[in-house]
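This report describes a single protein chain and the contacts found within it. The sequence and coordinates are shown first, and the description follows.

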Amino acid sequence: MYNAKYIVPGIVVFLILATLPFWWSSIFVPGYKTPELALPKDQDKCIESADYMKANHMQMLNDWRDRVVRQGERLYTATDGKVYEMSLQNTCMKCHTNKAEFCDKCHDTASVNPYCWQCHQAPRGNEQ
């Protein structure tokens, strides 16, 4: 093989450098941990299932906003048939009263900066 003494070590060094980020993160970076949320004490169920809300709450809030502002609809019928007011402040924040203990924990972990609080007043729990 022509210049094998240079090519083989070069390939080995390239493979080590190309895969280094994967090895480094698997060894030295801790795995993802789901944040512990402060759930409402007096409620055992959200308007939809927890799995549905984890995956779709952002789409649901955008849909609610559009339906309330553009179409004037104010009521949401959940999959269990119960009817709720489509309101972040009056429905969601009635149970999730502390933004720092509920919203921020997941959003900070996922490095998401939602724009909900540019218009709505953020709940602060029992703080004054």
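N3 is located in the segment before α1. The model is a predicted one, and in it N3 has a phi near 55°, a positive value in a residue other than glycine. Most residues other than glycine have a negative phi. The relative accessibility of N3 is 35%; because this lies between the limits of 20% and 50%, N3 counts as partly exposed.

## Helix α1 and the annotated region

An unreviewed UniProt entry carries the annotation "transmembrane region" for residues 6-24. In the model, residues 6-24 are 100% helix and 0% strand.

Which residues form the tilted pair whose ring centres are 4.5 Å apart? The structure holds two aromatic pairs. In one of them, the ring centres of W24 and F28 are 4.5 Å apart and the planes meet at 45°, so the pair is tilted. Both residues belong to helix α1, where they are four residues apart, about one turn of the helix. F28 has a relative accessible area of 53% and is therefore exposed, the limit being over 50%.

D42 sits in the loop between α1 (4-28) and α2 (50-71). Its relative accessible area is 64%, so D42 is classed as exposed. D42 and V13 are separated by 29 residues in sequence, and their C-alpha atoms are 59 Å apart in space.

## The nonpolar core

The largest nonpolar core has 14 residues. Those with the most contacts inside this core are I47, M60, W64 and Y76. In soluble globular proteins, nonpolar side chains tend to be buried together.

W64 can be followed in more detail. Apart from neighbours within four places in sequence, W64 is in contact with I47, Y76, E85, M86, S87, T91 and C92. With a relative accessibility of 3%, W64 falls under the 20% limit and so counts as buried.

## The W64 and Y76 pair

A pair of aromatic rings is described by the distance of the centres and the angle of the planes. The rings of F28 and W24 were described above as a tilted pair. W64 and Y76 also form a tilted aromatic pair, with 5.4 Å from centre to centre and 50° between the planes. This pair links distant parts of the chain: W64 is in helix α2 and Y76 is in strand β1 (residues 75-77), twelve residues apart. Y76 has a relative accessible area of 11% and is therefore buried.

## Salt bridges

Side chains of opposite charge can pair when their charged atoms come close. The structure holds seven salt bridges. One of them joins R67 to D63, with the closest N and O atoms 3.3 Å apart. R67 and D63 are four residues apart in helix α2, so about one helical turn separates them. D63 has a relative accessible area of 31% and is therefore partly exposed. A network of salt bridges links D63, R67 and E73.

Another salt bridge brings together the side chains of D66 and R70, at 3.7 Å from N to O. These two residues are also in helix α2; because they are four residues apart, D66 and R70 are separated by about one helical turn. Which of the two is exposed and which is partly exposed? D66 is partly exposed, with a relative accessible area of 23%, whereas R70 is exposed, with a value of 66%.

D104 and K99 form a further salt bridge, in which the closest N and O atoms are 3.0 Å apart. K99 has a relative accessible area of 17%; since this is under 20%, K99 is buried.

## Chain end

S111 is placed in the segment after α4 (103-109). This residue has a positive phi of about 55° although it is not a glycine. S111 has a relative accessibility of 68% and therefore counts as exposed.

Technical notes. Residues numbered from 1 in each chain as written. Predicted model: local features only at pLDDT ≥ 70, side-chain atom pairs only at ≥ 80, totals over all residues. Heavy atoms only, no water. Buried < 20%, exposed > 50% of the residue type's maximum accessible area, 1.4 Å probe, protein only. UniProt positions renumbered as here; feature names shortened; annotations may be inferred. Core = buried A, V, L, I, M, F, W, Y, C linked by side-chain atoms within 4.5 Å. Contact = heavy atoms within 4.5 Å. Phe/Tyr/Trp six-rings, centres within 6.5 Å; stacked < 30°, edge-to-face > 60°. Salt bridge = Lys/Arg side-chain N within 4 Å of Asp/Glu carboxyl O.
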